[in-house]
Each structure stands twice: as structure tokens, then as C-alpha cells.
Amino acid sequence: MRVRLGLTLSAVVLTAFAWVGAADAAEIKVTLLGTGTPTPRLSSFSASTLVEAGSERLIFDFGRGSSIRLFQKKIPLGSITAHFITHLHSDHVVGLPDMWLTGWIGTPYGSRKSPMVIYGPKGTVAMTENLTKAFSEDIRIRVADEDYPPAGVAFDAHDIEPGLAYDHNGVKVTAIEVNHGEKIKPAFGYIIEFDGKKVVLSGDTRPDQRVAKAAAGADLLIHEVAIIDPTLLKSYPNYRAIEDHHTSPEEAGKIFSTAKPKLAVYSHIVFATLPPVQDVPEEALIARTRTTYDGPLLVGRDLMSFTISDEVKAFAPDGTAIKPPVAGQ
């Protein structure tokens, strides 16, 4: 009887918890859960984006701390409809075990009772199989000791190719291949479409006209960017490879100018200096982008959000409305 009562109370709290932050029926809501990179900055967790459209809640990438950001938004991990991976670099998947296992726990912030649906490049299925083996003792204990449903810790994983990956409840997700380097294949960007609205996520990429083509006329284009201090290239040669795998502000500006989205936003912001800095300054990013692009532009911050209905609206992490500046403002 005590267990039944606990489950009932949990279900009531879960309903209230899940209601917060839900998108209106005819809009897309996008929240930047992580705008950073492997750099362990407190202010910018690594890559993760939440897209809410109609009844669908979708996560793109599982960066460090993505589960914490969902908790801050009062969105249960177990309420996510489907999960997508751009590529298998660690900073994009390191949060997967946390999202998976914490989302299974029978609490208001978890309570997944059906398999975790996940789509990604080749290697995604193998990764989920190996994670299940790695955490087999935790799974065994929680099923036996806490009576959690085994279905909630199962994976429904898919290795996908470029093209339509997901089509449910009026929401379509299409994977596009992007150029993150010759040895990092495949790497994907994603197009999310709902009710005539379109959001494009570049994923990690060098400047790629396939992104510009996919984002033509998009309501929102979220694109990666990289600035690396030249002195780092002398002391840490690996930064040369990092720089070669990403897009400079000037190159990103050209993509924006070609695509002409209603709003361009930077996320997955590689900002490497010697010595490292805790926060990413916006001025350098904006100034260099403005040499090739004069349209609406924002530098993403964790928990910044956007709503897309008849117009695109932007909100600071504290919920305050933002007017995206254009050149000269």
C-alpha cells in the first residue's frame, strides 16, 4: 500500500512538473540547454538543444549537464519524446548515461516507463548496447530493489542515414550530412519542421553550403562557431585540427547571408584562449560576423529560448524578451 501511495503522489507531481514550459499547440519552442564545448565552463554546458513542437519534446545531443538544464526548466527527463545525436564526439554524448538512467528513476523529474527513443549516426545502436552492459548492475539492483519497469531503461535506438528520420504528430525531423572533417563521418545537422515552421541545427561542421541550402528561409538557424587564439596553435598543435573542423565567424556570416533565416543564433561556441576564460565574450563573435552578415543575430547562452509562431521571439535565460540586433545596432 505504501508503494502504491508513493506512485500516486509521484504521478500527481509529475503531471504538474511536466506542464511547465510546454509549447503552445501551433508554435515551436527552442531552448538552448548547452551552448558550449568540452571546455568545463560553469556558464556554458556542452551541446544540447530542446525543441518542443505540438505534443513532441525532442532533444538534440546530450552534452554535459543537459539533464540539469531540463530540471531547471521543470521538464521531466522521462517526458522527452525522442532524442537525436549529431555525431559521436564525447561532448555531444557524455550526458546520455545521465539522461537515460536518471530519466528512468521513479521521481517527478524522471519516470520514463517506455524505451528511450534515440536516433543518430552509425555507432549509436552499438553505444546503447554497450551502455546497457556497463550499467547492468545498476539496472539489476533498481529493478529488484525499487521495482522500476524494465521497459523504461530499454533503448529503442536507430542508426540513421541522411534523410527523413522522424515523422510523428505533425513534426518532421530530417538529418542532413555536414562536413565535420574527413575522419568524422557521418556527422549530421537536423531540420525540424512543424505547422509550416522550420528550425535548422547545423551540428558541428566546417562551412557547408548544405546547411545554407537546408536553412533557406528558415525561422531559426542555430549554427556552431569557433574562435581560437593563434598562440594556442603554437603551444597546443591539436588546436589546428580543432580549428579545421569548425566554422569561423566570418564563414558563418556567409552561411547566414545565403540562407537569410529570420534569426541566426550561435551555439556550440568554441572560444579558446590562453589562458582560458570562464565566460565567452560576445563582442569578438559579433564584430567578426558583421563583416559578412548584417541580419538578426544572437550569441546563444545556456537557457536562452525562442518561440516561433507568426514571428520569431527570443528570450534571455531569465525569460526577459530580447530584440535580436541587426548590423548597426
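Colleague: Why does K260 count as exposed?

Modeller: This is a predicted model, so the value is computed from it. K260 has 61% relative accessibility. Exposed means over 50%, so K260 counts as exposed.

Colleague: Where does K260 lie, and what is its phi?

Modeller: K260 lies in the loop between α10 and β12. Its phi is near 55°, a positive value in a residue other than glycine. Most residues other than glycine have a negative phi.

Colleague: What is the phi of H268, and is H268 buried or exposed?

Modeller: H268 has a positive phi of about 45°, and H268 is not a glycine either. H268 sits in strand β12. The relative accessible area of H268 is 6%. Buried means under 20%, so H268 is buried.

Colleague: Which peptide bond is cis?

Modeller: The bond from K185 to P186 is cis, with omega near -5°. P186 is in the loop between β8 and β9. Most peptide bonds are trans.

Colleague: How do you know that β8 and β9 pair?

Modeller: Seven bridges join β8 (residues 171-177) to β9 (residues 188-194). Pairing needs at least two bridges, so these strands pair. They run antiparallel. I176 stands opposite G189 in β9.

Colleague: In what order do the strands of that open sheet come?

Modeller: The order is β7-β8-β9-β10-β11-β12-β13, seven strands with mixed pairing.

Colleague: Why do β7 and β13 stand at the edges?

Modeller: β7 (163-168) and β13 (297-299) each have a single partner strand, so one side of each has no neighbour in the sheet. The twist averages 20° from one strand to the next.

Colleague: Which helix packs on this sheet?

Modeller: Helix α10 (residues 249-259) does, touching β11 (220-228), β12 (263-272) and β13. The direction of α10 makes about 160° with that of β11.

Colleague: What is the strand order in the sheet of nine strands?

Modeller: It is β6-β5-β4-β3-β2-β1-β14-β15-β16, an open sheet with mixed pairing. β6 (155-159) and β16 (321-322) each have a single partner strand, so these two stand at the edges. Helix α5 (residues 124-134) packs on the sheet, touching β5 (116-120) and β6. The direction of α5 makes about 150° with that of β6.

Colleague: How do you know that β1 and β14 pair?

Modeller: Four bridges join β1 (residues 28-34) to β14 (residues 305-308). The rule asks for at least two, so the strands pair. They run antiparallel. The bridge partner of K29 in β14 is T307.

Colleague: How many aromatic pairs are there?

Modeller: The count is 14 aromatic pairs, with ring centres within 6.5 Å.

Colleague: What makes the pair of Y236 and Y239 edge-to-face?

Modeller: Their ring centres are 6.3 Å apart, and pairing asks for centres within 6.5 Å. Their planes are at 85°. Edge-to-face means over 60 degrees, so this pair is edge-to-face.

Colleague: Why are Y236 and Y239 called partly exposed?

Modeller: Y236 has 42% relative accessibility. Y239 has a relative accessible area of 22%. Buried is under 20% and exposed is over 50%, so both residues are partly exposed.

Colleague: Why is the pair of F256 and Y266 called tilted?

Modeller: The centres lie 5.6 Å apart and the planes are at 50°. Stacked means under 30 degrees and edge-to-face over 60, so the pair is tilted. F256 in helix α10 and Y266 in strand β12 are 10 residues apart. F256 is buried, with a relative accessible area of 0%. Y266 also counts as buried, at 0% relative accessibility.

Colleague: Which residues do ring pairs link into a cluster?

Modeller: F60, F84, Y119, Y166, F188 and Y190.

Colleague: How do you know that the charged end of R69 sits over the ring of F45?

Modeller: The charged end of R69 is 3.8 Å from the ring centre of F45. The distance limit is 6 Å, and the charge must also be within 35 degrees of the ring normal. R69 is listed as sitting over the ring.

Colleague: What does UniProt list for residues 45-245?

Modeller: The unreviewed entry lists "domain: Metallo-beta-lactamase" there. In the model, the span is 29% helix and 29% strand. Its end C-alpha atoms lie 20 Å apart.

Notes: Residues numbered from 1 in each chain as written. Predicted model: local features only at pLDDT ≥ 70, side-chain atom pairs only at ≥ 80, totals over all residues. Heavy atoms only, no water. UniProt positions renumbered as here; feature names shortened; annotations may be inferred. Axes fitted to C-alpha atoms, helices over the stretch in contact; angles between N-to-C directions. Contact = heavy atoms within 4.5 Å. Phe/Tyr/Trp six-rings, centres within 6.5 Å; stacked < 30°, edge-to-face > 60°. Buried < 20%, exposed > 50% of the residue type's maximum accessible area, 1.4 Å probe, protein only.
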